[in-house]
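Subject: Structure handover

Hi,

Here is the structure I promised to pass on. Please open it alongside these notes.

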Amino acid sequence: MQLFSLTSSMPKTSNELKGLVVTVPELIEQQRYVPYLSMSENRMTSDMAGDVKSVFKGRGMEFEEVREYAFGDDIRDLDWRVTARKSEPYTKVYHEEKDREIVVLLDLSASMIFGTKNELKSVTAAKLTALIGWMTLKNKDRFGLLLFDGKNTTYYKPQNNQKSLMMLFQIIADKTHAALKQSYEGNISSALKMFELSHKGRGTFFILSDFYQMTAESFKNIAALAKRHQIYCLHIFDVLEEIAPADGIYAAQNNGQKVVFNSTAEKFKTAYQQYFAAQRHQLRQNCQKFLCKYLEIRTDQPIFKQLGRV
């Protein structure tokens, strides 16, 4: 269900569009936050900061040695023969890959064109895509984009130059403008399938989405990708999706149907919050099952603080 404000017309000026679409300068600006994330890597004050540190570590291809398993090691690297022989877990260690591939799936489908504080989910996702792009260039790796608008998927192969990144920023900015005028409902299964078929190498794959309309098929696609890639599921949501709105009467739209509801009843508030909590729990469980990292990003808080807890 998508809440909307009862306005008579679409905002037209750039100032009125702030938070509803993203601009190329806003995407370029995300570069300034890369040093903050670098600082959080050294502090290691939380699980989230640890995840930030491991995002660009990758899984090397050249075997180096076997050592005792340590907390946080990828269980896919366990050496089962040594583990069985010594009766304790041992893991394989690889040389870190150079010029690795980092690919982002940016979900700009209809459910992402929603927000009540600061900016739409689509805008937060676009800024986060840019931040990952800048971090990729900083690490001299290749950055690619899988753009999904609910109807069509476009794949831009990974490259490692700023000119390519600027081209992607323009495409993303244009797409957020187009999505504000016309959006499409759809799950990301088709985008995941396209990536699985078109990308045969190994790398790091970020999925930036609210994960609405996820099906069993979607998770099968993620499971297939997790066999070859390090997967990060970044769950982007608005605070109003997590917490019921204040007492009052609201207008809403769902699948083209406009409705009015009253949020005063405690029973309504409980059911509202339980629905989101159940969806979040299922997503976390599936990520754990398929060895994917799960991170949450709210639209009303600075992205770099949520990633690094600085």
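A salt bridge here is a side-chain nitrogen of Lys or Arg within 4 Å of a carboxyl oxygen of Asp or Glu. By this rule the count comes to 16 salt bridges. Keep in mind that this is a predicted model.

**Salt bridges**

Start with Glu-101 and Arg-142. They form a salt bridge, with the closest N and O atoms 3.1 Å apart. Glu-101 lies in strand E4 (residues 101-107) and Arg-142 in strand E5 (residues 142-148), so this pair ties together parts 41 residues apart in sequence. The two partners fall in separate burial classes. Glu-101 has 15% relative accessibility, so it counts as buried. Arg-142 has 25%, so it counts as partly exposed.

Next, Glu-241 and Lys-121. Their side chains meet in a salt bridge at 2.7 Å, N to O. Glu-241 sits in helix H9 and Lys-121 in helix H5 (residues 121-138), so the pair ties together parts 120 residues apart in sequence. Glu-241 counts as buried because its relative accessibility is 10%. Lys-121 is at 0%, and therefore counts as buried.

Then there is Arg-284 with Glu-296. Their closest N and O atoms are 3.1 Å apart, in a salt bridge. This pair links distant parts of the chain: Arg-284 is in helix H10, Glu-296 in strand E11, and they are twelve residues apart. Arg-284 has 40% relative accessibility, so it counts as partly exposed. Both residues also belong to a network of salt bridges, together with Glu-242, Arg-280, Arg-298 and Asp-300.

**Helix H10**

How does the span of H10 agree with its residue count? The helix has 24 residues (266-289). At 1.5 Å a residue it should span 34 Å, and its end C-alpha atoms are 34 Å apart, so the two agree. Its buried residues are Lys-269, Phe-276, Arg-280, Leu-283, Asn-286 and Cys-287. They pack against helix H8 (216-226), strand E8 (230-237), helix H9 (239-242) and strand E11 (293-298). After H10 comes Leu-291, with a positive phi near 60 degrees.

**Nonpolar cores**

In soluble globular proteins, nonpolar side chains tend to be buried together. In this model, the largest nonpolar core has 45 residues. Leu-128, Leu-131 and Leu-208 have the most contacts inside it. H5 gives the most to this core, with ten residues. Setting aside residues up to four places away in sequence, Leu-128 touches Leu-208, Leu-234, Ile-297, Ile-303 and Leu-307. Another core lies apart from the largest one. This other core has 25 residues, among them Leu-146, Leu-192, Ala-226 and Phe-290.

Which side chain of opposite charge is nearest to Asp-79? It is Arg-81, at 4.6 Å. Asp-79 is buried yet has no salt bridge. The Asp-79 side chain does have a polar atom 3.2 Å from the backbone nitrogen of Arg-81. Leaving aside neighbours within four places in sequence, Asp-79 is in contact with Val-66, Tyr-90, Thr-91 and Lys-92.

Best wishes

Key:
Residues are numbered from 1 along each chain as its sequence is written. This is a predicted model: local features need pLDDT of at least 70, side-chain atom pairs count only at pLDDT 80 or more; totals for chains, interfaces and linings use all residues. Side-chain values use heavy atoms; hydrogens and water are left out. Buried means under 20% relative accessible area, exposed over 50%, partly exposed in between (1.4 Å probe, protein chains only). Lys and Arg count as positive and Asp and Glu as negative; His and the chain ends are not counted. A polar contact is a pair of N or O atoms within 3.5 Å; within protein, one must be able to donate a hydrogen and the other to accept it, and residues adjacent in sequence count only if both atoms are side-chain atoms. Contact means heavy atoms within 4.5 Å. Helices (H or I, at least four residues) and strands (E, at least two) are DSSP runs, numbered from the N terminus. The expected span of a helix is 1.5 Å times one less than its number of residues. A nonpolar core is a set of buried Ala, Val, Leu, Ile, Met, Phe, Trp, Tyr and Cys residues joined through side-chain atoms within 4.5 Å.
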